[in-house]
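The structure is shown first, and the notes on it follow.

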Amino acid sequence: MVENKITIENLSLQYSDGTESLRDVSMDIRQNAVTVLFGPAGGGKSTLLRCLNRLNDLTEVKASSGQILIDGENILDPKIDVVALRRKVGMVFARPVPLPMSIRENVIYGLDLAGEKRKSKLDEAVERSLKLAAIWDEVKDRLNDPAIALSGGQQQRVCLARVLALQPEIILLDEPTSGLDPISTGKVEAALLELKKEYTVILVPHSVQQAARTADYAAFFLTGELIEYGEGKSLFTVPKQKKTEDYIMGRFG
Amino acid sequence: MMKFLSRNRHTVQRLGFSLITLMAVATVIPIVGTVIFILFKGGSAISLEFLSGFPRDGMREGGILPAIIGTLYLTIGTAIFSVPLGIAAAIYLSEYAKDNQVTRLIRLAIINLAGIPSVVYGLFGLGLFVLFLQFGTSILAASLTLSIMTLPVIISTAEEALRSVPQSFRTVSISLGATRWQTIRRIVLKEALPGILTGVILGLERAAGETAPILFTGAAFFLPRLPGSPFDATMALPYHLFVISTQVPEMPIQIQYGTALVLLAFVLTMNVIATVIRSRARARRQW
């Protein structure tokens, strides 16, 4: 039985500088699946991701309306606890951004902020999340080295582990492999497939191919509008909308 | 002539580079010259007695200990007021302030504060701290006056240091459930600290060498003992130098240059510390 983890209702958003925005987007996002948001740049995919953990609070937003329900709670409500929300909804960014500290400190950063000080718990979280992100074997002997010393692909998996350490329920990935070589990309994608068993994964892929490879469900965004949304298998083989088909076939991009 | 120049591009280039190099080297001459000159003239005055004794015989003999200690007190006093205030203001401007009228007003105030001649600070300090607040001619009044003068330097360098910390660190930290303040404390301040320290030291160094602001607010011509509380006046190196150079007849010249040498050493030491902090932090930086 698939359940809806997130319900987005009539979400519209406009930035103060008039750039990328969302127009009346409504969609349900299933639990324990990889949902892919794809489409050309400026379509609103990243904006939508940044709504889901309220990271848009850091950006100047001119107007927004609609609501986002996670487990039935409207997270756009100004009164909700955003810190708790961001622990529940983790995010991996396009470029790996290791914080200027060791690998271990990077992974426990969120837990430490949340008040977890017990070394045994922290050690456990470090090992568990690094394993889950498929990077444990590569870094287990140098956890106290600066994270910046790792390669780009390794950094990105440490960033993923850093999110996983908080045991979130939803993981947002904004083109997480855009700066990585094909081998590293493969490792990250493999980790994602593993993750969906426990988490709800929402991915903005960096190519249509990656979208097709990873999507359980796929949503096609064009200039802020949700054009088509459905199961990945059917959407990428028999798209219902002409625009979706054109984009998948590479007629524009 | 123009034809000649265009045909000999490489000659022209070499000529240009030589000229530019010469100008760059020229900027070194004043500082090196000053140091050598003062070292040469005042070096012979430096002795244990000079550094640790009191002035005697109308300041024509003995040491300059009270002036050294006084400048130390004034620098520490200035640091106590200007460092926390300056850093707090920089954090506000860099991390919290929105671009609105109030912020613009604050920035305008800081820029103008930096442009005020130091003697005007002295008069202002006299009016506010010495007379109105009745601190008297004291270390306290002088330190506060120097603090106001130092603030713009500390604020602008600290703000610069905070702004140079990549925005992505803040975004990532927030996305991992940090509050804005946790992000500032754990990431931004930590990374900006070397830059902030450099600014602090440069600001304090300027304060240590100033005469005009302490002239009416805390400096004493001559005191037979060291100041015992913040409400006492104090001797200070720059003012002492001014006094022995202009107010005392038949002043031995090596004492004047000896005093100048001590002041120069004090200021240059702070400069070196700032440089060391900066270069070591740059080597350690992870971004």
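Two strands count as paired if DSSP finds at least two bridges between them. The model described here is predicted.

Strand E4 of chain A spans residues 61-70, and strand E1 of chain A spans residues 4-15; the two run antiparallel and are joined by 8 bridges. Within this pairing, A:Ser12 has A:Ser65 of E4(A) as its bridge partner. E4(A) also pairs in the antiparallel sense with strand E5 (residues 73-74) of chain A, over 2 bridges. There, A:Ile70 is bridged to A:Glu73 of E5(A). E4(A) and E5(A) make a hairpin with 2 residues between them, and A:Asp71 in the turn has a positive phi of about 50°.

Strand E9 of chain A (residues 217-222) is mostly covered, with 5 of its 6 residues buried. Strand E3 (residues 34-38) of chain A runs parallel to E9(A), and 4 bridges join them. A:Tyr217 in E9(A) is the bridge partner of A:Thr35. E9(A) pairs with strand E10 (residues 225-231) of chain A in the antiparallel sense, over 6 bridges. In that pairing, A:Tyr229 of E10(A) is the bridge partner of A:Ala219. The hairpin of E9(A) and E10(A) has 2 residues between the strands, and A:Thr223 takes a positive phi near 40°.

The pairings are listed below.

| Strand pair | Sense | Bridges |
|---|---|---|
| E1(A) and E4(A) | antiparallel | 8 bridges |
| E4(A) and E5(A) | antiparallel | 2 bridges |
| E3(A) and E9(A) | parallel | 4 bridges |
| E9(A) and E10(A) | antiparallel | 6 bridges |

Conventions:
Residues are numbered from 1 along each chain as its sequence is written. Chains are lettered from A and ligands numbered from 1 in the order in which they are written. This is a predicted model: local features need pLDDT of at least 70, side-chain atom pairs count only at pLDDT 80 or more; totals for chains, interfaces and linings use all residues. A residue is buried if 20 or more other C-beta atoms lie within 10 Å of its own, exposed if 12 or fewer, and partly exposed in between; C-beta atoms are placed from the backbone.
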